[in-house]
Amino acid sequence: MQLATIFLGFVIFGFSENIKGPAIPRIQFDFMLNESQLGTLLSLNALGYLIACSFTAYLTRIWGIKTVTVTALGTMAVSGILIYFSHSYPLFSASYFLMYIGNGMLEIGLAVLGARIFVKNTGTMMNLSHGFYGLSSTVAPLIATGLMKVTINGYTLDWRGMYLIMLLLSVVPIIFAMFSTFPGDNVQHEERISLRSLLKDPVLWLMVLILSFGVTSELAVGGWLVNFLEKAYRWDTITASGLLSAFFLCFALARLLLGPLTDKIGFTLSLIIFSGFSALCTFVAILGGEGLAFLFAASGAGIAMIYPTVMALIARRYPKESDTAITVTVTLMGLGSVIGNYAVGGVIEAVKKLFGADSQLGLLRGLQAGYGIIGLCAALSAVSGLLLYSYLYKRKEII
């Protein structure tokens, strides 16, 4: 029942995060938003995620993981109902913000639960559980595209109806969570290392950098790839969504198949290799033009490994303080996501004006430059991994 809760929880998390790809252009049209405003919207919602991460570990210690997990999933279901009825931009923004509050709570809850359960083959099991996020992310854009076109009694679901249906699926893992027992809530507070001591550890801050750059790159793909392909190369929505699904297929397969490799070669070295691979694929895809667009999908195989491998590293290095360490790293990572999404939208607008705001060339160069930020984040994640490896190697603490 615990595994079912974790696996299904990640399935729902993948849906809620990645159905936005095909929906973003419609949301942008309905509310008449430019790229900069769109980047701001995504950043504000990442801020909701950040806020949730900041208090979830505290709630976990007070309520227990079970209550936190059920509350998170319930919040996401309610947000789906509110999004469906949001016909004004302020209500839509608030509803989307609430969904990310639920997302943040769910991610911390699942990560803490995984850290407590997966005491053996940590890298393999962390990647396997996160692989379910990848699997749902693979089909999410295609399901979203299909649902938006479904007509019931003359009424087309569109993006609002699609969000309603997908987020109401949160009820399924709630049922499993209600019948589960959750371990680890009986660890005494005096057995824990203080937050101040954790914050003095340079390893924690280097993991924050790796995670921030890596996850910013990962999440930005879901928000910007379909938009990029439709506007830069004039792809239709189905074809563009198909490539986004291919990205998440590579993403899911990497987590399902390459987890044992991280246990074998070490978590720190794995972070360098995989984030570097993702950066290389992204830059070559941008510079190579439409003919190499498939490399956007291939980059998913590298960036997929960053988050679960960092979680496995945390579980190994801080076995009794995993909830606090996870909260610190994920909260600061959320701050990086806010800045990252805003940077992508801002760079697109700035470069568009430089090359001609109303020209196709200006739009193409703007989108290429904005998407380059995604590749840059992956590259900076690899650089941060090198710094971590160097620090741990000197102290003979390589994990």
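User: Which residues of the largest nonpolar core touch the most other members?

Analyst: This is a predicted model, in which local features need pLDDT of at least 70, side-chain atom pairs count only at pLDDT 80 or more, and totals for chains, interfaces and linings use all residues. Residues are numbered from 1 along each chain as its sequence is written, and side-chain values use heavy atoms, with hydrogens and water left out. A nonpolar core is a set of buried Ala, Val, Leu, Ile, Met, Phe, Trp, Tyr and Cys residues joined through side-chain atoms within 4.5 Å. Buried means under 20% relative accessible area, exposed over 50%, and partly exposed in between, with a 1.4 Å probe and protein chains only. Here the largest nonpolar core has 123 residues, and Tyr163, Met311 and Val330 touch the most other members. Helix H10 (residues 202-232) supplies the largest share of this core, 16 residues. Helices (H or I, at least four residues) are DSSP runs, numbered from the N terminus.

User: What does Tyr163 touch beyond residues up to four places away in sequence?

Analyst: Contact means heavy atoms within 4.5 Å. With those sequence neighbours not counted, Tyr163 touches Ile19, Lys20, Ala23, Ile27, Gly80, Ile83, Tyr96 and Met99.

User: How many residues apart in sequence are the parts tied together by Arg160 and Asp30?

Analyst: The side chains of Arg160 and Asp30 form a salt bridge at 3.8 Å, N to O. Arg160 belongs to helix H7 (residues 158-168) and Asp30 to helix H2 (residues 20-30), so the pair ties together parts that are 130 residues apart in sequence. Arg160 is buried because its relative accessible area is 12%, whereas Asp30, at 36%, counts as partly exposed.

User: Where do Arg255 and Glu218 lie?

Analyst: These two side chains, Arg255 and Glu218, meet in a salt bridge of 4.0 Å, N to O. Arg255 is in helix H11 (residues 237-265) and Glu218 in helix H10, 37 residues apart, so that distant parts of the chain are linked. Both Arg255 and Glu218 are buried. Elsewhere, salt bridges that share partners join Asp201, Arg317 and Glu397 into one network.

User: Is Thr309 buried or exposed, and what does its side chain reach?

Analyst: Thr309, in helix H15 (residues 306-317), is buried because its relative accessible area is 1%. A polar contact is a pair of N or O atoms within 3.5 Å; within protein, one must be able to donate a hydrogen and the other to accept it, and residues adjacent in sequence count only if both atoms are side-chain atoms. The side chain of Thr309 reaches the backbone oxygen of Met305 at 2.5 Å. Leaving aside neighbours within four places in sequence, Thr309 is in contact with Asn127, Thr262, Phe267, Ser270 and Leu271.

User: Which residues does Gln368 touch beyond those up to four places away in sequence?

Analyst: Gln368 touches Phe228 and Ile286 on that basis. Gln368 lies in helix H17 (residues 360-394) and counts as buried because its relative accessibility is 16%.

Definitions and conventions:
Helices (H or I, at least four residues) and strands (E, at least two) are DSSP runs, numbered from the N terminus.
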